[in-house]
Amino acid sequence: MIFKANFSTALSLLFAFLLGGCAGSDDNVNEAGLVLHVGETHYQQDEVVGDIEIAAGGYAQNALEHHTLRDQNGVQVSLYRTYLVIDNLALVPCASVAQWPQKFFDLLLPKVYAHAGHGSEPVGGRALDKPNVIDLITQDGFILPLGDTAIAPGRYCELQVSLTRLAGDAYGKPEFSAASTDDPVTSPEIPDMNGKIFAMRSDYCAQRDSGGVCVRRQQVNIDDAGLSEPMTQTIPLATPLVIDATLREAYSILGIEYDAWLANIDVALLGSDQNERQKLLDNISDSFRVYAAGLGDLPVNAVSD
Amino acid sequence: MRHLLILCLLLTNSTAVFACATCLCGDPTLTTMGVEKPFAGRTRVSVDYLTRGETVGEARTEEHKIDEERITYSLSYAPNTQWMLSASVPMITKTVDRYDLSHEQSSGVGDVDLTARWFIGRPTSIATSRLWGLHFGARIPTSSEQMLKGEAIDFDAQPGAGALIPSVGIWLGEYHLPWFFYGSAIVQHATSDGYQGYRPGNALLLTAHSQYALPTQAFLKPFIQEWALQFNLDARWKNQDQFNGVLADDSGGTLVMATPGLAWTPSTDWLVNISYQQPIIENAKGRQEEEPTLRAGITYDF
């Protein structure tokens with residue numbers, strides 16, 4: 001009996017010791033991981049400063065924010081509404097020889113390397129867990145934060161981005177607004193981007209008088225209806241980006257260099273010729289660049305006066 | 001006399017299977033209750049240490065490694081010869097290390113397991129006997145959701161699931177000295193959601209346990225009264241878990257583990273056991289790589 005009592009005491013002490021040694025909630029830990037800040041900017045290498053040539057049939061060129069491009073014939077085209085839907089932004093690890101077979105299979109079955117699952121954090125009202133709609137008719141060169149995403153340590157050589165047909169919700173999706181019906185010039189509609197990859201509302205001078213003065217403008221309101229889906233673009237970085245635990249954040253900025261969107265296109269055919277529109281969509285896809293990539297946070301935009 | 005001692009060791013066996021509350025592979029009651037015929041007033045306490053790990057999710061995009069250590073304190077009591085009741089309280093530390101080098105850890109009391117075992121089939125002789133009966137149990141959401149600076153720790157690092165999980169099953173023990181065999185089949189079904197919208201999938205747990213009592217050599221007598229080798233096959237079939245009604249990609253499937261082990265009695269009423277559980281069949285949904293599990297425990301019978 002005494003033997004039993006001694007063992008009982010010993011066991012109780014053992015339990016008390018073990019319980020006392022157990023970790024409690026004070027030991028909770030939450031350490032942030034490596035973060036990739038993703039941004040977007042758009043710009044022209046050689047900005048076209050378009051002439052203001054208001055004429056019947058066009059949009060209110062003088063009153064509307066617009067960007068100007070030239071087509072293959074040098075015709076100035078004013079863009080008033082231009083939206084692109086992008087998704088699957090990711091840094092792609094550098095491939096070693098040993099990874100070539102994997103790269104081959106990835107070509108057959110594309111893989112996303114830093115998609116926004118765990119660790120996708122919104123920034124400035126946007127995030128990477130859904131497509132992002134880019135409004136091209138905003139200030140050139142402004143770096144728009146698209147969100148933060150978790151990323152594995154490694155050496156990265158490429159930036160991946162897809163033009164995507166919008167099916168559902170997206171960040172930056174514009175609210176549809178019908179065109180005005182003012183006469184002789186109007187404001188273009190803000191398009192409904194559902195089911196679209198891109199949409200453009202633009203015009204150009206279609207007729208001039210003998211003095212060269214524009215007397216009629218032609219609206220070009222197009223989207224990607226009937227066009228084949230563009231491919232995912234994989235754009236090489238200027239130098240590989242090494243991300244590790246030393247500096248736990250990095251950034252990558254997608255650049256949309258839109259100078260050449262119309263370089264091989266006759267704008268007069270754009271509204272009616274599907275081939276011309278397909279060339280435009282391909283040009284858009286080809287205009288993606290790595291604007292900048294590095295360690296640390298996204299560069300801060302300069303404050304305009 | 002020797003046979004009686006061997007039988008005693010067999011009947012007081014408390015090791016055998018993995019009783020992990022998270023992966024739910026194997027019969028979770030063997031540790032706390034043993035498999036012996038109860039007598040009225042029989043009381044047993046035990047302390048078990050367990051360490052395990054698993055890697056889940058696609059590499060570079062979702063991969064995370066979960067490591068778990070737990071100490072489980074158990075008490076079982078037989079109010080009569082037909083019923084045995086037990087309660088187990090786990091103290092758990094879990095860590096999650098993700099592909100992006102983020103790290104989460106939390107510690108605390110896990111969910112309590114309450115179990116009742118009904119002995120229906122009775123032994124007919126001391127040398128060869130068969131026991132069988134039914135199992136009733138429930139995992140009670142006694143844990144609290146672990147927080148840090150007002151934010152919940154990720155579910156995978158939570159010490160408890162926070163869900164109510166009843167279970168029913170059938171079990172059978174067969175003694176053929178110096179052999180002992182035990183089998184059980186237990187079904188678990190969650191009746192409420194746990195933390196962060198978690199609802200575990202229905203699970204079927206199968207256990208096949210064998211044990212062989214070894215003769216004790218004279219030179220071992222100062223340290224070991226009796227000892228036995230053990231070998232288990234534990235299987236789990238589990239439906240996919242859900243989070244907020246959405247199926248979790250990397251959950252559910254089939255897992256079979258082989259578990260060699262050793263049990264010995266250093267002195268009267270004490271039992272020490274150690275086992276190593278190795279996954280041998282993994283047919284999981286998505287990517288789930290279970291690591292071996294090491295377990296050690298000590299039991300005392302009053």
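These legends describe close-up views of a predicted model.

**View 1. An open sheet in chain A.** Four strands build this sheet, in the order β6-β2-β11-β12. The sheet is open, and its pairing is mixed. Its edge strands are β6 (144-150) and β12 (288-295) of chain A. Each of these two pairs on one side only. On average, neighbouring strands of the sheet are turned by 20° against each other, direction ignored. Strands of a sheet pair through backbone hydrogen bonds, either parallel or antiparallel.

**View 2. The pairing of β11 and β12 in chain A.** Strand β11 of chain A covers residues 249-257. Its pairing with β12(A) is antiparallel and runs over 7 bridges. Look for A:I256: the residue opposite is A:F288, in β12(A).

**View 3. The surroundings of A:Y291.** This residue lies in strand β12 of chain A. Is A:Y291 buried or exposed? A:Y291 counts as buried, because 21 C-beta neighbours lie inside 10 Å and the cut-off for buried is 20 or more. Leaving aside neighbours within four places in sequence, A:Y291 is in contact with A:T41, A:I253, A:L254 and A:G255. Of these contacts, A:I253, A:L254 and A:G255 fall in the residue range of β11 (249-257). A:V161 is 130 residues from A:Y291 in sequence, and the two are 13 Å apart in space, C-alpha to C-alpha.

**View 4. Chain B as a whole.** Chain B has 2 helices and 19 strands. It holds 302 residues, and 47% of them count as buried. Consider the contacts in chain B with a separation of 6 or more: residues 24 or more positions apart account for 64% of them.

Methods
Residues are numbered from 1 along each chain as its sequence is written. Chains are lettered from A and ligands numbered from 1 in the order in which they are written. This is a predicted model: local features need pLDDT of at least 70, side-chain atom pairs count only at pLDDT 80 or more; totals for chains, interfaces and linings use all residues. Two strands pair if DSSP finds at least two bridges between them. Axes are lines fitted to C-alpha atoms, for helices over the stretch in contact, and angles run from 0 to 180 degrees between N-to-C directions. A residue is buried if 20 or more other C-beta atoms lie within 10 Å of its own, exposed if 12 or fewer, and partly exposed in between; C-beta atoms are placed from the backbone. Two residues are in contact if their C-beta atoms, placed from the backbone, lie within 7 Å.
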